[in-house]
Amino acid sequence: MIDNKESEGSNANQENEKTANLAPHTTDSTGEFMTTNTGLRVNDDQNSLKAGDRGATLLEDFILREKITHFDHERIPERVVHARGSGAHGVFKVYEPMSAVTKAGFLNDTSIETPVFVRFSTVAGSKGSTDLARDVRGFAVKFYTQEGNFDLVGNNMPVFFIQDAIKFPDLVHAVKPEPDNEMPQAASAHDTFWDFISLMPESAHMIMWLMSDRAIPRSYRMMEGFGVHTFRFINEEGVSHFVKFHWKPLLGVHSVAWDEAQKISGKDPDFHRRDLWDAIESGNFPEWELGVQIVPEEDEFKFDFDLLDPTKIIPEELVPVQRIGKMTLNRNPDNFFAETEQVAYHLGHIVPGIDFTNDPLLQGRLFSYTDTQLLRLGGPNFQEIPINRPIVRVDNNQRDGHMRQTINRGKSSYNPNTLGGGFPAQAKASEGGFTSYPERIDAKKIRARSKSFFDHFSQAKLFFDSQSDPEKNHIVDALSFELGKVKTVEIRQRMVGILSLIDKGLAAEVAFALRVHVPQDPELPINHSIPADGDPADYDSVMQESVVTISDALSMVNTPKDSIQTRKIAFLAADGVDEKSITTVRDALVSAGAVVEIISTRHNYIMTESDTKLPVDHTFLTAASVLYDAVYVPGGTNSVASIEAEADAVHFLNEAFKHCKPIASDLSAIQVLEATYFSKKLPADYDDATILKEGLVVLDDVDQLADKFILAISQHRFWEREKPRKIPA
Ligand code: HDD
């Protein structure tokens, strides 16, 4: 039952208008008696009411019936896409008033901290699927503004698979598990997905993103977000500017390796959820800057692509991203179902100062989101669920329906009225009333696609060309994996044809792995989403000469690498560890913001050489290298001997090496590294240049070692190591 106790959730001190708004709906049973839903105190929650202690249960048992009935109805349909997700509360603050382009209050008042609720998600998998699937990540932000809720329902990739919402059910049917046998779960590596994609050249650009490491982020906290569509900003004078929204993570953009992702899926399928939760619990609040690319209305046709086409980015070289504010996630939800599961985002939740464009994907989404909540949340009153309520008043003449919470006083529920004094009253624009941008429309009603949407390859090529060599290799590997799982050879062949239009070398490498041929002179494939009476010739793709040929912003190599904040470092140690060797490095890493965990052969604690107890976080049974960013082996004769003798420890190091992670060892523990497969690759020297290239640090002086290890960890990964691909782990 509901009471008025303050929320005592994880970070109850993060007070704002939304926490106050949630408080009356938040409850805590500490110190209370158990009751039924009608408030009757329960005397026996262990036994049902029976005809004698060995007799049948009586229908009269209303307590049993209420409990079982509620349980029977606990589940609601999972989201048709983005079913698997994790949420967090936070705040957003704008840096400078944006009045030149938008009148949105929360983008103008620098004194206001706007509460937000963010939900990150994967797209294809079910609610209980792994976080580490190769997939797009949803990045949905609900701003509880003083003018009502504004939802920015984006992804971690700036483009989309299709140009028109009418293709969305086809796309999703193709990527979801196949309908006859419901396999595979949370994976695009199967025939129906690639069958569809190989017939949809417009998805070429998105496929490059999906096959890149962006699809396997290290953390939700280390990925970008994008509003994808071009939206409009409207200022007080009614002037419209086009705008693209970006989220830039302050920790940089980082990924894991594909082999690692698959192993994490087994070792800890909640890896991203846990990472987000733990970061917030430990006070390491994730932060993103909100970026905007602004295009004046008169520049609409200045580009070699159409601003309304959601398969295109505006290269940052053409229109820079201005960082206009910061979002900080500072409180974990109190209850997953009540908040993260029941939150309902909708692209159509906007505020004055923000408006839509005619992007046909955006337009279709405007229908889908409310519609889906009606089924998922059971009726039209889902906006009354606490997490969805705005922090401002809601007054209108909408009434009744399943589970109505609001008790509306008075006789009139219509407008105009005199019996209710004419209220609620319409608001003038000057009073905050929303008015749509009066875009001129003079057109024939027609089912068609603009020819300005027909260039499907130049930005796919721009993306591929902008990647570093390791990133390109990962795209080749990802395609070889995904298409390798496709059973129908014709689909593989068709995809190689499409790839050859993006980059001949890429196509050749994938074709080599699949043992199919690269078509000599591939024709631009026709767009198969053509009407029955359409002439395919009218739908030919056209390749534009891209003005920007390389965009640094597209490569993760160029992300900031100046911090080890929140990185998880494994220390492999056992009884007899050298106290200085372990504590000096631990203290240095922790003061640089990293999280250190000791992994040993037994639980609970280890004793150092000087007889001090150090707590053990995991054993080799409960931890794995794929759950850490780097590894350190401290010195101490007995500890080193135990670790060297532990096959799982050697595997731990081999695997960390294979996944290109920084590895450090006290020189006195070198015998552990010598037991690994990569012992032959240990460099002769450990100066900064070698460390920056190889990511290996072996030194006698542990103070110096700690400094160099921090330098290595801040680089994240040493992809160069992948070249030999011969580490068996
Ligand atoms: Fe969507 C959920 C993002 C295209 C229909 N979408 C959903 C979520 C995100 C996105 C982040 C999860 C929200 C949450 O956490 O609750 N969707 C996108 C982006 C798109 C996109 C960035 C392209 C630019 N979506 C799209 C189209 C349609 C939908 C074209 C339908 C025509 N999306 C839905 C949906 C979902 C949804 C069926 C499922 C659950 C929900 O809405 O609340 O309505």
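Ala, Val, Leu, Ile, Met, Phe, Trp, Tyr, Cys and Pro are counted here as nonpolar, Asp, Glu, Lys and Arg as charged, and the others, Gly among them, as polar. The structure is a predicted model, in which local features need pLDDT of at least 70 and side-chain atom pairs count only at pLDDT 80 or more, while totals for chains, interfaces and linings use all residues. Residues are numbered from 1 along each chain as its sequence is written.

The secondary structure of the chain amounts to 19 helices and 18 strands, these being DSSP runs numbered from the N terminus (helices, H or I, of at least four residues; strands, E, of at least two). With a radius of gyration of 28 Å, close to the 27 Å given by the globule rule for 729 residues, the chain is as compact as a globular protein of that length; the radius is taken over C-alpha atoms, and the rule is 2.2 Å times the number of residues to the power 0.38. The C-alpha trace spans about 90 × 80 × 60 Å along its principal axes. Of the 729 residues, 42% count as buried, a residue being buried if 20 or more other C-beta atoms, placed from the backbone, lie within 10 Å of its own, exposed if 12 or fewer do, and partly exposed in between. Among contacts between residues at least 6 apart in sequence, 73% join residues at least 24 apart, where contact requires C-beta atoms, placed from the backbone, to lie within 7 Å.

An automatic or database domain assignment divides the chain into domain 1 (85-158 + 218-388) and domain 2 (561-722). The centres of domain 1 and domain 2, taken over C-alpha atoms, are separated by 37 Å, and twelve residues of domain 1 are in contact with ten residues of domain 2. On the side of domain 1 that touches domain 2, helix 6 (residues 258-267) supplies the largest share, five residues, and the residues of that side comprise four nonpolar, three polar and five charged.

An unreviewed UniProt entry places the feature "domain: Catalase core" at residues 35-423; over residues 35-423 the chain is 20% helix and 19% strand, with its end C-alpha atoms 41 Å apart. Under "active site", the unreviewed UniProt entry lists His82 and Asn155. UniProt positions follow the numbering used here, feature names are shortened, and annotations may be inferred rather than shown by experiment.

His82 lies in the loop between helix 2 (62-72) and strand 1 (85-94) and is buried, with 23 other C-beta atoms within 10 Å. Beyond residues up to four places away in sequence, His82 touches Ser121, Val123 and Gly138. Asn155 belongs to strand 4 (residues 148-155) and is likewise buried, with 24 other C-beta atoms within 10 Å; its contacts, leaving aside neighbours within four places in sequence, include Gly138, Phe139 and Phe226.

Around the ligand there are 26 residues, of which Arg79, His82, Arg119, Gly138 and Val228 come nearest, a residue being near if its C-beta atom, placed from the backbone, lies within 6 Å of the molecule. Two or more residues of this shell are given by each of strand 2 (114-122), strand 3 (137-145), strand 4 and helix 9 (360-376), with helix 9 contributing the largest share, six residues. By class, the shell around the ligand has 13 nonpolar, ten polar and three charged residues.

Definitions and conventions
Two residues are in contact if their C-beta atoms, placed from the backbone, lie within 7 Å.
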